[in-house]
Amino acid sequence: MTEPTTPSGDNTYVERAYRLGGPDDARALYDEWAKHYDADLADASQGYVAPALAAETLVRVAGPDVTVLDAGCGTGLVGAALAERGVRVIDGMDVSEGMLEQARATGAYRSLQPVDLTRALPTAADEYDAVVCVGTLTHGHVGPAVLAEFVRVTRPEGWVVATILDDIWESGGYRAEVDRLVGQGVTELVSAETAPYRSGVGVEARMLVLTVR
């Protein structure tokens, strides 16, 4: 396994997160980290701006009157940011019960459930107007195959908005998977521009925007 080079900002939890060995490791780490995750990443040294930027992007392209799946919702940072922007129907999924407990406290979600995103989503096709995924398409977490699942559960003319760390956009196979889905005619690539992610340490991500055909 290639060693990640993305700066951790000297946060041991971020370092551990980039070296996860699978869903069981992820569950254990995030259960342990859940209660101080937000405080750690809101610190100026980290500057975790990705949740707010992704929420802004989703509302800009889809509007607020949408039913949203927050995949890998963590402590609910994205859900809270969406709710602040007028989105009222948000479901969340995450591998960690500890993180889901924190997400419940936001009051932003219609439902929350423990889900391993490395497997097929327990959701019918065309269930959502939009899927948002922030902080999950990264080192040691969920691979590019999940993009096909996001497209599957999004209705035609709906939207997928996801952050993908810039340094694995190509090497991690995400660009290739987007190209494959576009080639199959199931989705259209709207944009994949670089955007701030953890701005305190200069980490950027692709802000992937897809529309479903």
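The lining of the largest cavity in this predicted model consists of 15 nonpolar, 10 polar and 3 charged residues. That cavity has a volume of about 350 Å³. Of the 28 residues that line the largest cavity, Tyr30, Gly72, Asp94, Thr136 and His141 lie nearest its centre. Three elements each supply at least two residues of this lining: helix H2 (23–42), helix H4 (77–84) and strand E4 (128–137). Helix H2 provides the largest share, 4 residues.

How many cavities of 30 Å³ or more are there? The count comes to 2. Rolling a probe the size of a water molecule over the atoms is what shows where such empty space is left.

The second largest cavity holds about 150 Å³ of space. Its lining is made of 13 residues, and those nearest the centre are Tyr18, Tyr30, Tyr37, Gly135 and Tyr197. Helix H1 (12–17), helix H2 and strand E6 (187–198) are the elements that give two or more residues to this lining. Which of them gives the most? H2 does, with 4 residues. Sorted by class, the lining of the second largest cavity has 9 nonpolar residues, 3 polar ones and 1 charged one. Tyr30 is among the residues nearest the centre of the largest cavity, and Tyr30 is also among those nearest the centre of the second largest cavity.

The helices come next. Two packed helices are described by the angle between their axes and the distance between the axes. For H2 and helix H5 (residues 97–104), the axes come within 7 Å and cross at roughly 25°. Angles under 35 degrees count as roughly parallel, so H2 is roughly parallel to H5. On the H2 side the contact is made by Tyr30, Asp31, Ala34, Lys35 and Tyr37, and on the H5 side by Glu97, Gly98, Met99 and Gln102. This contact has 4 nonpolar, 2 polar and 3 charged residues. Tyr30 and Tyr37 of H2 take part in this contact, and both are named among the residues nearest the centre of the second largest cavity.

A second pair is formed by helix H3 (residues 50–62) and H4, whose axes come within 8 Å and cross at roughly 45°. That angle makes H3 oblique to H4. The crossing of H3 past H4 is right-handed. Pro51, Ala52, Ala55, Leu58 and Val59 of H3 meet Leu77, Val78, Ala81 and Leu82 of H4. What classes of residue make up the contact of H3 with H4? There are 9 nonpolar residues, with no polar and no charged ones. The contact of H2 with H5, by comparison, includes 3 charged residues.

Conventions. Residues numbered from 1 in each chain as written. Predicted model: local features only at pLDDT ≥ 70, side-chain atom pairs only at ≥ 80, totals over all residues. Heavy atoms only, no water. 1 Å grid on protein atoms, 1.4 Å probe; cavity = no way out; pocket = protein on both sides within 12 Å on 5 of 7 lines; lining within 4 Å. Points joined across faces, edges and corners; volume = space filled by probe spheres on them. Nonpolar A, V, L, I, M, F, W, Y, C, P; charged D, E, K, R; others polar. Axes fitted to C-alpha atoms, helices over the stretch in contact; angles between N-to-C directions. Parallel < 35°, antiparallel > 145°, perpendicular 65-115°, else oblique. Left-handed = near helix turned anticlockwise from the far one by under 90°. Contact = heavy atoms within 4.5 Å.
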